[in-house]
Amino acid sequence: MASPSFDAALARLLDRVETEQLNLHTLLVLHRGELRAERYWPGHGRADAHRLYSVAKSFTALAVGALCDDGLLRLEDRIVDHFPEKLPAQVHPWIAAMTVRDLLTMRTAHRTTSFTQVQDTDWVRTFFTVAPTQQPGTAFSYDTSASVVLSALVEKLTGRWLEEHLLERVLGPIGFGDEVRGARPALNAWRSPLGMSLQDLDGHPSWEPVPTNPHGVTHGGSAMFCTARDLARFAQLCLAGGRHQDRQIISAEFMTAATGWQTPTADDNFRCLDNRQGYGFQFWRTRHDGFLAWGIGGQIVLCLPRCDFALVTLGSTFDRSDDHQIILDAVWEEMLPALQPVAAPQTTLRLDHPDAPGRATS
């Protein structure tokens with residue numbers, strides 16, 4: 001049972017977020033394995049699937065972790081060895097040197113997303129053909145093409161769409177999609193435009209994802225969709241270090257590395273302070289020993305394992321460049337003083353708490 005101070009802090013957090021007038025669609029708060037707040041703004045509801053934007057990168061990381069756990073992949077594998085058919089006649093040494101770990105940590109040979117630089121609908125190929133700008137493994141540079149190539153790697157090694165593999169291997173066992181099963185896919189994704197012409201894309205640039213394309217690669221860097229409650233299930237799995245009930249879904253070793261500090265980000269002049277705390281495997285580090293899956297436009301999964309606390313938001317805050325920092329600051333200033341350390345996070349999530357403030361749908 002949460003303390004009165006927790007309930008008061010939660011009420012202040014909800015009021016503060018409301019006062020900021022951010023264009024949020026959903027906000028959920030998890031604490032000690034219970035849903036403590038669930039708010040949907042008008043026009044949005046529990047059954048809505050929402051685009052995750054770059055939160056999808058963290059889902060892709062867990063798919064890679066599952067392959068490593070299952071012995072199908074190693075973090076030190078050279079990525080070129082998995083895609084010989086995509087390589088140019090002469091491979092630049094920096095391209096050849098990139099490892100799976102380099103892609104996970106955003107320390108690739110590219111400082112700019114490769115598939116946005118050329119008119120080529122084969123996004124994976126561009127990762128190997130666009131000229132590199134830095135030696136891999138040396139400097140953090142946020143690069144969505146790395147996440148797309150990791151998506152393609154998962155699909156190549158499993159023979160399945162990324163979201164299908166995730167649902168079977170990682171997300172299904174934690175109850176992902178319980179509210180929508182049978183109605184539509186619990187996790188949906190858009191594809192790269194591989195095999196399409198610019199005419200097929202109706203004038204859109206070749207780096208735009210498309211809703212369906214049997215020849216494409218899942219856009220595991222930005223274009224995945226799920227409900228807020230399923231995102232909360234994902235948050236609890238990450239809080240618990242990859243464990244659900246009595247089953248270790250993703251190894252604790254991989255989860256510790258993925259959500260821990262792998263590389264500095266302080267020198268990249270990020271406006272938001274919590275983006276300067278370092279990066280793991282497709283997860284950001286934050287202040288107060290937290291980690292973050294973050295997507296543009298108000299998509300946030302903030303996890304504080306020491307307090308078994310998570311905040312999930314979905315929205316459309318594209319007009320506010322400081323949107324996620326406003327939300328994180330509200331957590332630090334309103335919630336953090338009321339949170340107490342726990343011995344270990346819960347390994348299940350209770351979604352039927354009767355007293356959760358803000359429990360409402362549109």
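**Figure 1. Nineteen residues form the lining of the largest pocket.** In this predicted model, 19 residues line the largest pocket, and those nearest its centre are Trp294, Gly295, Ile296, Gly297 and His324. Two elements, β9 (290-295) and α10 (323-335), each give two or more residues to this lining. The pocket has a volume of about 350 Å³. By residue class, its lining splits into eight nonpolar, eight polar and three charged.

**Figure 2. The second largest pocket holds about 230 Å³ of space.** Its lining consists of Arg51, Tyr53, Thr113, Phe115, Thr116, Tyr142, Thr144, Trp207, Glu208, Pro209, His219 and Ser222. Five of these residues are nonpolar, five are polar and two are charged.

**Figure 3. His219, one of the residues lining the second largest pocket.** His219 sits in the loop that runs between β4 (188-189) and β5 (224-226). Is this histidine buried or exposed? His219 counts as buried because its relative accessibility is 4%, below the 20% limit. Pro209 also belongs to the lining of the second largest pocket. Pro209 and His219 are 10 residues apart in sequence, with their C-alpha atoms 7.0 Å apart. Beyond its neighbours within four places in sequence, His219 contacts Trp123, Thr144, Val148, Trp190, Arg191, Pro209 and Met224. Of these partners, Thr144 and Pro209 are also found in the pocket lining.

**Figure 4. The largest nonpolar core, with a view of Phe59.** Nonpolar side chains tend to be buried together in soluble globular proteins. The largest nonpolar core here has 109 residues. Phe59, Ile79, Leu231 and Phe309 touch the most other members. Helix α2 (residues 55-69) gives the most to this core, with 10 residues. What does Phe59 touch, leaving out residues up to four places away in sequence? Its partners are Leu52, Leu166, Leu171, Phe176, Leu187, Met224, Leu231 and Phe234. Met224 is also a contact of His219.

**Figure 5. Cysteines without disulfides.** A disulfide is a covalent bond between the sulfur atoms of two cysteines. How many disulfides does the structure hold? The count is zero. Cys303 has its closest cysteine sulfur in Cys238, at 5.7 Å, so the two are too far apart for a bond; the cut-off is 2.5 Å. Cys303 is buried, with a relative accessible area of 1%. Cys307 is in no disulfide either, and its nearest cysteine sulfur, that of Cys303, is 12 Å away. Cys307 is buried too, at 11% relative accessible area.

Terms used:
Residues numbered from 1 in each chain as written. Predicted model: local features only at pLDDT ≥ 70, side-chain atom pairs only at ≥ 80, totals over all residues. Heavy atoms only, no water. 1 Å grid on protein atoms, 1.4 Å probe; cavity = no way out; pocket = protein on both sides within 12 Å on 5 of 7 lines; lining within 4 Å. Points joined across faces, edges and corners; volume = space filled by probe spheres on them. Helix = DSSP H or I, 4+ residues; strand = E, 2+ residues; numbered from the N terminus. Nonpolar A, V, L, I, M, F, W, Y, C, P; charged D, E, K, R; others polar. Core = buried A, V, L, I, M, F, W, Y, C linked by side-chain atoms within 4.5 Å. Buried < 20%, exposed > 50% of the residue type's maximum accessible area, 1.4 Å probe, protein only. Contact = heavy atoms within 4.5 Å.
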